[in-house]
Amino acid sequence: MDNFFQHKARKRFGQNFLVDENIIERIVRAIAPKESDNLVEIGPGQGAITRLLLQRCPSLTAVELDRDLIPMLKFKFRDYPEFNIIEQDALKFDFGTLAGDIRAGGRPLRIVGNLPYNISTPLLFHLLSFRGAVQDMHFMLQKEVVDRLSATPGSKSYGRLSVMVQYHCRVQGLFPVPPQSFRPAPKVESAIVRLVPHTAPPHPAKDEQLLERIVNVAFQQRRKTLRNALKPLYPELDPALLPVDAGRRPETLSVQEFVQLADYCETLTGD
Ligand code: SAM
């Protein structure tokens, strides 16, 4: 019956379908779904991961953009009444609606997905905005992106994504996945990452939006010193008063130091 739904992978939807059963099992073992979980899968595709997830946890919502895949998924998983497909762009979807009010007994989300690589960074930022409703997230991403998520200060991969995701989550790179595990095979290496939102950030910023602005501007020109990088936002800045050495390059600052910087900037009037 699966042949009835023959599907040609679409590049514009970042479709590289997992075909390696060992890898699929390893991913699901890393997620370790429990029967009572509230699972959300982004981009179920042809259901490679979905199938194993549903065997362990019947309550699963899938968000899929490619409408041609929906009839196949509905047919494949017709025996699971709590399997729910939402035909939507995950970038625009309000994930909070799936959790209910957490403080009033809502069920936190466990989000998983072999993500379309072309939208992974904006999607990660979008998902961070629902962190209060999320228990954890497991994603397949381009290995380079997983390196950026878990990078430490001073390394080549360290940047805006590292600082902002680490500010909000504990990041754990799990294992690499080679191109041969997919059909069609992507041109890049992939890896699995686990993100667990902090109940409260270990170094809370007074103004998180300002932290984000500072981090953005700091990494726009990585080679500049902090003093020069901050000039567009604070032309009158006195470098001697910064809580960190103004001669340092932004890429050497820890998350905590970025927070100190943002908290200091919060006392200034910007442009
Ligand atoms: N989970 C499947 C697997 O592992 O074989 C498919 C993974 S494939 C890399 C990415 C999936 O995300 C595709 O099914 C694609 O149609 C879907 N997708 C692409 N862009 C999307 C978006 N903006 N919102 C939701 N799903 C999207």
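The model is predicted, so local features need pLDDT of at least 70 and side-chain atom pairs count only at pLDDT 80 or more, while totals for chains, interfaces and linings use all residues. Residues are numbered from 1 along each chain as its sequence is written, and side-chain values use heavy atoms, leaving out hydrogens and water.

**Exercise 1. Backbone**

Find which residues a cis peptide bond joins, and describe the phi of Ala-32.

Start with the background: most residues other than glycine have a negative phi, and most peptide bonds are trans. Next, look at Arg-183 and Pro-184, which are joined by a cis peptide bond with omega about -10°. Pro-184 belongs to the loop between β8 (182–183) and β9 (190–197); strands are DSSP runs of E with at least two residues, helices runs of H or I with at least four, numbered from the N terminus. Then turn to Ala-32, whose phi is positive, near 50°. Ala-32 sits in the loop between α1 (21–31) and β2 (38–42).

**Exercise 2. An aromatic pair**

Classify the ring pair of Tyr-158 and Phe-219.

Rings of Phe, Tyr and Trp (its six-membered ring) pair if their centres lie within 6.5 Å; planes under 30 degrees apart are stacked, over 60 edge-to-face, and the rest tilted. The whole structure holds five aromatic pairs. For Tyr-158 and Phe-219, the centres are 6.1 Å apart and the planes stand at 80°, so this pair is edge-to-face. Now place the partners: Tyr-158 is in the loop between α5 (143–150) and α6 (160–168), and Phe-219 is in helix α7 (residues 208–220), 61 residues apart. Both are buried, meaning under 20% relative accessible area with a 1.4 Å probe, protein chains only.

**Exercise 3. Charges over rings**

Which rings do Arg-26 and Arg-160 lie over?

Apply the rule: NZ of Lys or CZ of Arg must be within 6 Å of the ring centre and within 35 degrees of the ring normal. Arg-26 lies over the face of Phe-175, 4.0 Å from the ring centre. Arg-160 lies over the face of Phe-125, at 4.3 Å.

**Exercise 4. The lining of the largest cavity**

List some of the lining first: Ile-27, Val-112, His-138 and Phe-139 are among them. A cavity here is a set of points on a 1 Å grid over the protein atoms alone where a 1.4 Å probe fits but cannot get out, and lining residues have an atom within 4 Å of a point.

Key. On a 1 Å grid over the protein atoms alone, a cavity is a set of points where a 1.4 Å probe fits but cannot get out, and a pocket is an open set with protein on both sides within 12 Å along at least five of seven lines; lining residues have an atom within 4 Å of a point. Buried means under 20% relative accessible area, exposed over 50%, partly exposed in between (1.4 Å probe, protein chains only).
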